[in-house]
Amino acid sequence: MLKKGFLLCLPLLFCAAFLSAQNTVSVSGSVKDSIGNPVASASIAIVNQTGAGIIFGTTNDKGMFKCDFQSGNESYAIKVTAMGFQQFNQVIEQKNNEQVNVVLKQKSYKLAEVTIKSNAKISLSSDTLKYNVKGFQESNDRVIGDVINRLPGIKIDENGAISYNGKRITNVYIDGDNLLDGRYKMATNNVPVGAVEQVQVIERDQPVKALNGFINSNNVSLNIKLTDSAKTMMVNSAYLGAGNKAYVAELNNLIFNKKIKVINTFKTNNIGENLEAEQAVLGQSFNNEVALKLPKTFLSMESETLPNLKEKYYLLNNDYSGSINALIKMKADWGLRLNLSTLQLKRKFQYNNTVNYFLGNTDTIRFNEFQDNVYKLNQWHAEAQLEKNSKSVYFKSITKFEIPKWKRNGNTIQNEQDFGQSQPTNQLSISNETNLVKALGVNNILQYNGLVQYYKIDENLKIAPGIQQNIVNGGADYLALNQQSSTKNIFINQSSTFKTKFNRFVLSAAAGASYEHNRLNSQLYKTDSTNNITSVGNQFKNDIGFDNLGLYGRMSVLYLLKKGSINLEASPTLNNINYSEAEKSTAKKNTYFVLNPIIEFRKTLGKYSELNARFAQQTQFGQVNDIYSGTILVNYRQFNFNDTPLPKTDLTNFNLRYSYRKPLKMLFYNLMFGFDRTNQNFINSYTLDSGLTKSVAIDFRNTIEQYSLNGNISKYIFPLEINIAANGSLSMQKGNNFYNGEITPFKSYQLNTGLSLRKKLFSKVTLSVAGDLSRSLNKQESLSGPIENESANEKIKGEWLHNLSSALSYALTYNFVSYRQFSQEPIRNQFLDFNLKYAPTNWKSFFEFQCVNLINQRAYQQITSSANQLSTYQMPLRPRTFLIKYSFTF
């Protein structure tokens with residue numbers, strides 16, 4: 001009996017012995033992402049040394065968890081997983097009430113796509129909105145830019161700049177790689193639509209991995225995701241076209257794979273396609289980084305008025321362009337990018353401009369000018385970038401080299417005075433930008449930014465026979481006038497930044513120095529009747545050195561909200577500005593201290609909307625082109641000089657933006673209010689007569705204020721199958737003008753509205769209509785009473801696209817432009833274009849027949865108005881152009 005009882009109790013004894021060898025362990029803690037936001041619904045698992053799960057749990061909405069288990073004679077670890085983050089593993093010390101605070105890092109690969117609506121036309125993953133190209137593609141589309149302009153929420157302006165929900169984008173990536181930087185039009189204009197699977201909008205884009213968690217980015221970028229076939233093969237495309245005194249040719253070579261991306265182009269045409277615009281920098285960044293100085297020219301021989309219509313109707317050109325763009329991805333997150341481009345342009349401009357100035361203390365001043373000019377440009381641009389982008393180190397060094405040379409020649413008639421002009425200009429620019437970010441542990445980084453830039457500009461304006469005799473030659477006739485100007489600039493900026501984060505705060509402190517040196521030399525020469533060349537006088541001579549040494553700091557506090565952030569920043573700067581004029585033996589020294597505060601607030605409201613607010617104050621100082629006192633003939637009818645202390649401009653800006661996007665409904669809209677105030681210690685005083693303008697900057701406290709309200713909406717209406725977009729803006733500006741010795745306060749009101757509709761009427765017919773209306777009212781108060789000037793501008797575009805069969809389609813496009821100044825008859829311009837496309841089945845090529853300006857409108861008129869000016873601009877248009885094109889891939 002005892003033996004039987006012992007056998008029955010033996011299992012219990014073993015269990016008791018086992019349990020006595022175990023302890024109850026409680027593990028709790030929190031799970032957050034790299035910027036301190038709690039991660040809800042993360043999976044928690046306690047595993048033993050073989051990987052078998054002991055107990056499982058999840059985090060609550062605050063990212064907290066707690067797991068209790070019985071430990072044995074083996075080791076244990078905690079494993080944390082969450083969608084969008086790397087898996088976390090850590091050995092447990094097996095002590096009771098152990099605290100484990102987990103920080104999850106984002107995955108380096110993209111999340112799987114989550115389809116949300118509309119036959120996968122639009123899908124959403126995290127902060128990336130994805131458009132399926134096939135869902136929006138049409139038969140006449142050739143490059144991806146044709147599709148992007150039709151995507152709900154996205155708009156491309158006439159220059160090629162892209163906006164998403166009213167916000168300018170920063171970059172366009174190709175499969176996640178930045179091949180072209182801000183010159184992204186070379187991608188949208190050249191990547192074939194058939195090579196693209198998706199167009200992705202990346203909100204809050206921040207590509208520097210080492211800065212994740214230290215910056216709350218407000219940038220928006222696009223990513224062109226390629227098809228699998230385009231990633232593994234070379235794509236070559238070309239087209240040739242000829243017509244009535246018209247030609248066009250293009251050759252593109254594209255290579256896209258994991259290790260190398262290449263876009264090589266060669267283009268030429270004389271049909272009004274502006275190749276210069278394709279290489280323009282369009283990207284826009286909202287980061288507070290030091291930018292390169294833009295070279296400023298002094299001299300000009302042409303009017304600044306440009307027609308408000310597409311260039312294909314008026315641009316008389318012979319353009320050649322070529323570019324080589326390559327991105328090579330190397331080991332250990334290194335990449336090398338090379339960009340080389342050239343532009344060889346020849347343009348012809350012919351126009352007549354009648355200008356009226358309405359001044360309170362004098363009669364209306366009028367003058368008429370006619371110009372017939374030829375513009376030639378020879379430009380080379382080279383850029384090399386070496387980059388390493390890892391989680392612990394970021395390094396980028398960009399070297400740019402640019403040589404633009406242009407020459408203008410032409411004949412001008414001003415108020416029946418005839419003369420010729422020539423303006424050769426040579427420019428050289430070289431720069432290097434270096435950025436380095438090094439992670440110091442998990443919560444600290446050290447950052448270095450360096451910039452070095454040098455440029456020079458040599459300008460020459462020649463006019464023959466001599467003009468403005470009363471000013472430059474005592475009223476006597478002479479043979480020629482020659483204005484020369486030379487500018488040299490050196491700009492250096494170096495800074496170091498330390499950033500640290502704890503809890504929800506990111507603190508940043510920076511110190512740096514900048515140095516800018518300008519040199520201006522200018523002189524006006526005349527050729528008398530005996531061909532002797534002499535200086536007009538010392539009053540037309542400048543020899544100025546300008547130096548600006550700045551010592552600055554930057555302090556910021558970024559507080560990360562649950563779904564947003566608050567950023568407070570100040571950049572205290574001490575500027576020592578010295579300039580001297582060798583001719584006048586004068587030297588001036590100026591010392592300024594400014595704070596430059598910035599306050600930013602961002603908050604995500606619910607799932608679909610966001611509120612942004614920004615307040616900033618900034619002080620800018622004049623440069624050498626703002627302080628020269630010797631007179632310069634800036635163009636054939638205007639003399640400029642300065643009689644003012646160093647120009648100082650205080651800028652105050654406030655804007656409030658609300659944006660909403662609901663991809664499920666294909667609905668996007670935004671609304672923004674803006675206020676800008678400019679306080680200056682100078683004003684430009686103009687003295688006008690019918691053939692001459694004198695401009696002098698004088699000492700005057702001048703304030704300009706502007707209020708603006710604008711919004712955009714884009715919606716796809718499913719029951720009607722209509723894509724509709726609308727925009728509107730209202731602005732008011734007030735300030736002062738100074739003409740002919742009288743200061744006249746002015747107010748300017750501007751209203752702009754636009755509406756576009758796109759509807760598939762039948763399975764093979766698509767109709768699109770777009771219209772824009774702008775209206776301006778300018779008022780000024782003079783001693784003689786108020787002066788008002790009101791004008792309106794209407795633009796309408798309609799397009800009919802009909803697919804007759806799978807191989808044959810045609811398109812009709814109608815453009816209408818109307819200008820009306822309310823005291824004059826309206827001016828109307830209209831254009832009709834026709835396009836016929838034949839794409840044989842299973843061919844890798846197609847034929848096109850194009851006709852531009854089918855109704856053959858030969859003249860164009862445009863009215864431009866301001867607070868005290870009204871001008872009527874007239875120019876000839878390109879004649880009706882027929883073109884047969886053959887496009888092919890190989």
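I took helices (H or I, at least four residues) and strands (E, at least two) as DSSP runs, numbered from the N terminus. I noted that this is a predicted model, in which local features need pLDDT of at least 70 and side-chain atom pairs count only at pLDDT 80 or more, whereas totals for chains, interfaces and linings use all residues. Residues are numbered from 1 along each chain as its sequence is written, and side-chain values use heavy atoms, with hydrogens and water left out.

**Whole chain.** I looked up the secondary structure of the chain and found seven helices and 49 strands. Along the principal axes, the C-alpha atoms fill a box of roughly 145 × 75 × 50 Å. Of the 890 residues, 49% count as buried, where buried means under 20% relative accessible area, exposed over 50%, and partly exposed in between (1.4 Å probe, protein chains only).

**A three-strand sheet.** I then followed an open sheet of three strands in the order β11-β12-β13, with antiparallel pairing. Its edge strands, each pairing on one side only, are β11 (154–156) and β13 (167–168). Two strands pair if DSSP finds at least two bridges between them; for β11 and β12 (residues 162–164) I recorded three bridges, in the antiparallel sense. Within β12, Ser163 stands opposite Lys155.
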